Amino acid sequence: MFMTVKYLIGSAGPSGFGSKSTAEEVTEACTHISSITAIITGATSGIGAETARILAKRGARLILPVRSLISAEEMKARILSECSGSDIIILPLDLSSLASVQSFVSRFLSLGLPLNLLINNAGKFPDRHAVSEDGIEMTFATNYLGHFLLTKLLLEKMAETAKESGIEGRIVNVSSTVHSWFTGDGIQYLDQITHKKIPYDPTKAYSFSKLANVLHAKALSERIKEMKANITANCVNPGVVRTQLTRDREGLMTDLMFFISSKFIKTIPQAAATACYVAVHPAVTGVSGKYFSDCNELMPSNLASNSEEALRLWNFSDKLIAEKAKIGDKSFV
């Protein structure tokens with residue numbers, strides 16, 4: 001009850017920020033942002049668009065991987081209308097395709113740019129079963145596995161940039177509180193829904209993909225320690241917010257759900273605050289493998305806190321991309 005009241009009134013936590021804080025507010029004192037280059041997935045709408053706008057306003061160079069070049073150009077124009085000097089580069093990327101991820105990384109690396117920040121924000125919440133071109137259940141492929149491969153292929157560049165610049169590299173996975181809704185054996189569940197061995201539940205599939213995001217950050221932080229790289233990896237819950245993520249699920253039930261939870265719904269600037277805080281705020285320096293909500297550290301679900309489960313999913317994912325994308329484990333030697 002106390003936590004609910006605290007959330008509703010926006011009471012600040014130990015960080016000095018809370019549920020009502022905005023992305024603009026949490027980045028106000030971050031003077032180093034003009035020195036960083038950031039990749040933000042899912043930046044053409046919603047939380048990603050606000051994150052991109054704020055980081056551009058603070059002077060960051062942005063690389064925006066996108067499926068729709070038209071939407072990206074419109075987004076770029078909106079940012080430039082507010083921040084005329086912004087440096088924004090648009091590159092094509094379909095996160096559900098492992099080949100597309102590899103192509104994006106090749107294009108980015110050919111630019112010869114540094115990379116300080118990676119925000120894995122893009123998400124999909126479809127209302128029906130589908131599989132990717134690689135034969136993987138679509139929600140898992142888009143929300144998690146594409147980001148897993150993207151991060152894997154960019155990690156060496158981030159470590160190099162951090163060493164040369166002296167600026168800590170940061171990786172931020174955007175998850176959701178619904179990660180806690182999933183229980184059971186995730187890898188077995190993925191096999192079952194991919195091959196239609198059980199009825200498809202879109203919400204359960206989405207919650208598993210969000211759990212995978214949390215476990216990824218946890219396992220990734222351990223790999224980074226082994227590399228002795230000046231990089232952190234964390235996961236964030238943006239809170240309840242109505243964005244285009246639910247574009248495939250519009251209708252009476254979706255409208256009813258948001259009406260019932262209206263007191264808990266954040267504005268998009270508020271929902272983008274935690275990702276921006278973890279991405280650039282000096283108070284988070286050196287913090288890795290953690291889960292944040294309302295700009296404060298929070299314990300995720302028991303399953304999401306399980307180091308063995310994080311390692312198990314990591315090894316499974318490595319094996320899966322080695323099989324599907326013909327990629328070995330080159331990034332962590």
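Helices (H or I, at least four residues) and strands (E, at least two) are DSSP runs, numbered from the N terminus. Just after one of these helices, α7, Lys196 takes a positive phi of about 55 degrees. The model is predicted: local features need pLDDT of at least 70, side-chain atom pairs count only at pLDDT 80 or more, and totals for chains, interfaces and linings use all residues. Residues are numbered from 1 along each chain as its sequence is written, and side-chain values use heavy atoms, with hydrogens and water left out.

Start with the whole chain. It holds 12 helices and 8 strands. Of its 333 residues, 55% count as buried. Buried means under 20% relative accessible area, exposed means over 50%, and partly exposed lies in between (1.4 Å probe, protein chains only). Now take contacts, meaning heavy atoms within 4.5 Å. Among contacts between residues at least 6 apart in sequence, 76% join residues at least 24 apart.

Next, return to α7. This helix spans residues 186-194. Which of its residues are buried? They are Gly186, Ile187, Tyr189, Leu190, Ile193 and Thr194. These residues cover an arc of only 155 degrees around the axis, which puts them on the same side of α7. The arc is that of the directions from the helix axis to the C-beta atoms. What do the buried residues of α7 pack against? Their partners are α6 (138-165), α8 (202-227) and α12 (307-325). The N-terminal end of α7 has a cap, Asp185. A side-chain oxygen of Asp185 lies 3.2 Å from the backbone nitrogen of Ile187. Such a polar contact is a pair of N or O atoms within 3.5 Å. Within protein, one atom must be able to donate a hydrogen and the other to accept it, and residues adjacent in sequence count only if both atoms are side-chain atoms.

Move on to α8, where Asn213 is placed. Asn213 counts as buried, at 3% relative accessibility. A polar atom of the Asn213 side chain lies 3.0 Å from the backbone oxygen of Asn143. Leaving out residues up to four places away in sequence, Asn213 touches Asn143, Tyr144, Asn173, Val174, Ser175 and Cys235.

Now look at a pair of helices. Two packed helices are described by the angle between their axes and the distance between the axes. Helix α3 covers residues 46-57, and helix α4 covers residues 69-82. They pack at an angle of about 35 degrees, with their axes 10 Å apart. Axes are lines fitted to C-alpha atoms, for helices over the stretch in contact, and angles run from 0 to 180 degrees between N-to-C directions. The crossing of α3 and α4 is right-handed. A crossing is right-handed if the near helix is turned clockwise from the far one by less than a right angle, and left-handed if anticlockwise. Which residues meet here? From α3 come Ala49, Ala52, Arg53, Ala56 and Lys57. From α4 come Met75, Ile79 and Glu82. The residues of this contact divide into 5 nonpolar, no polar and 3 charged. Ala, Val, Leu, Ile, Met, Phe, Trp, Tyr, Cys and Pro count as nonpolar, Asp, Glu, Lys and Arg as charged, and the others, Gly among them, as polar.

Helix α3 also holds Thr51. Is Thr51 buried or exposed? At 2% relative accessibility, Thr51 counts as buried. Not counting residues up to four places away in sequence, Thr51 touches Ile40, Ile119, Ala272 and Cys276.

Pro126 is in the loop between β4 (117-120) and α6. Pro126 is buried, with a relative accessible area of 8%. Its C-alpha atom is separated by 8.4 Å from that of Tyr206, 80 residues apart along the chain.

The loop between β7 (291-293) and β8 (296-297) contains Asp294. Cys295 has its place in the loop between β7 and β8 too. Phi of Asp294 is near 55 degrees, a positive value in a residue other than glycine. Phi of Cys295 is near 65 degrees, also positive. Asp294 is buried, at 16%, and Cys295 is buried, at 1%.

Ser15 is partly exposed, with a relative accessible area of 21%. A polar atom of the Ser15 side chain lies 2.8 Å from the backbone oxygen of Cys295. Neighbours within four places in sequence aside, Ser15 is in contact with Tyr277, Cys295 and Asn296.
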